[in-house]
Amino acid sequence: TRVGKDETIFNIWKFRTMRYNAELETGPVWAQEDDPRTTKIGCFLRKSHLDELPQLFNVIVGHMSLIGPRPERPELAEEVNKHVPHFHHRLKIKPGITGLAQVRYTYGASIKESARKLRFDLLYMKRICWFLDIQILFWTVGRVLTGEGAR
């Protein structure tokens, strides 16, 4: 489950990379480096970014776009929103499979890192144009080929 444009809740399509009931004891948490909840195949899918491929279905049905701020889990978005001013502004546009924050910053796994990524999301929203989208797509291809930014 993710939060989209105008705080719309939708189900994101992804390949399962974590074991069943991985968050039963902890509840929703950000993925960590070498996360013990990840399966062996899931580790490969994440490193290769292939786990994101099914999200093209979310683009087709209109929940997401190719480029934009990454959609956040409702529980984590609510927590970040309590501590990071203007975090909710990123919900004014459709979330994307990739975005400026994903290609210009590391994986955000804390409230502090979410605040840093927000700067990139707001910058993207301020300067949104097809040229920037093309740049982000090229940077994304580079990230996918190197496996950079995956957890």
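Contact here means heavy atoms within 4.5 Å. The model is predicted: local features need pLDDT of at least 70, side-chain atom pairs count at pLDDT 80 or more, and totals for chains, interfaces and linings use all residues. Numbering starts from 1 along each chain as its sequence is written, and side-chain values use heavy atoms, leaving out hydrogens and water.

Start at L91. Setting aside residues up to four places away in sequence, L91 touches V3, G4, K5, D6 and E7. L91 also belongs to the largest nonpolar core, which has 10 residues, including V3, W30, F87 and L118. Such a core is a set of buried Ala, Val, Leu, Ile, Met, Phe, Trp, Tyr and Cys residues joined through side-chain atoms within 4.5 Å. Buried means under 20% relative accessible area, exposed over 50%, with partly exposed in between (1.4 Å probe, protein chains only). Helix α3 gives the most to this core, with 3 residues.

Now turn to α3 itself, residues 74-83. Its buried residues are P74, L76, A77 and V80. The face turned away from the buried side carries exposed E78 and K82. Among the elements covering the buried residues are β1, β2 and α5.

R70 sits in the loop between β3 and α3. R70 is buried, at 15% relative accessible area. Its side chain reaches the backbone oxygen of I97 at 3.0 Å. The backbone oxygen of G96 also lies 3.0 Å from a polar atom of that side chain.

Key. Helix = DSSP H or I, 4+ residues; strand = E, 2+ residues; numbered from the N terminus. Polar contact = N/O pair within 3.5 Å; in protein donor to acceptor, adjacent residues only side chain to side chain.
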